[in-house]
Amino acid sequence: IKVRNIVANQVLSDDGDDVNAFLGRVSKGQSLAIQDMCLFSSSSTPSADITIVPLIDTEPRGVFGLKALSEELLRESIVEHQ
């Protein structure tokens, strides 16, 4: 296959400005989504429990990802009950 152009998009700069702006947008979007979920949950009968899982270093896919997610949930649960 002959390739003439390659595009690398969403590359963050080394000075950190892009990273801070990006993480700010992600955090704001997550906060709004969580607020919406809480409003929806509180208005439904019965209300659903919402569990917020901190960012983990792997995407929870397959057995390994589910294992990492379950370990994080159990660790958070243990911390909350102490």
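The following dialogue discusses a predicted model and the criteria behind its structural labels.

Biologist: What makes a feature count in this model, and how are residues numbered?

Modeller: Residues are numbered from 1 along each chain as its sequence is written, and in this predicted model local features need pLDDT of at least 70. Side-chain atom pairs count only at pLDDT 80 or more, while totals for chains, interfaces and linings use all residues, and side-chain values use heavy atoms, with hydrogens and water left out.

Biologist: How many helices and strands does the chain have?

Modeller: The chain has 2 helices and 0 strands. Helices (H or I, at least four residues) and strands (E, at least two) are DSSP runs, numbered from the N terminus.

Biologist: How does the radius of gyration of the chain stand against that of a compact globule?

Modeller: The chain has 19 Å, whereas a compact globule of 82 residues would have a value near 12 Å. The radius is taken over C-alpha atoms, and the globule rule is 2.2 Å times the number of residues to the power 0.38. The C-alpha atoms fill a box of roughly 55 × 30 × 30 Å along the principal axes.

Biologist: Why is R61 called exposed?

Modeller: The relative accessibility of R61 is 65%. Exposed means over 50% relative accessible area, buried under 20%, and partly exposed in between (1.4 Å probe, protein chains only); R61 therefore counts as exposed. R61 is found in the loop between α1 and α2 (62–81), and its C-alpha atom is 28 Å from that of S47, 14 residues apart along the chain. E59 lies in the loop between α1 and α2 as well, and is exposed at 55%. Buried residues make up 7% of the 82 residues in the chain.

Biologist: What makes the contact of E71 with K67 a salt bridge?

Modeller: The closest N and O atoms of E71 and K67 are 2.4 Å apart. A salt bridge is a side-chain nitrogen of Lys or Arg within 4 Å of a carboxyl oxygen of Asp or Glu, so the pair qualifies. Side chains of opposite charge can pair when their charged atoms come close. Both residues lie in helix α2, 4 residues apart, about one turn of the helix. E71 is partly exposed at 43%, and K67 is partly exposed at 48%. A search of the whole structure finds 1 salt bridge.

Biologist: Which residues make the nonpolar patch?

Modeller: L12, F22, L23 and V26 make a nonpolar patch of about 320 Å². Accessible areas come from the Shrake-Rupley method with a 1.4 Å probe; for residues, only the protein chains shown count as cover. F22 is found in helix α1, and its 38% relative accessibility makes F22 partly exposed.

Technical notes:
Patch = residues over 30% accessible without salt bridge, like charges linked within 9 Å, V, L, I, M, F, W, Y side chains within 5 Å.
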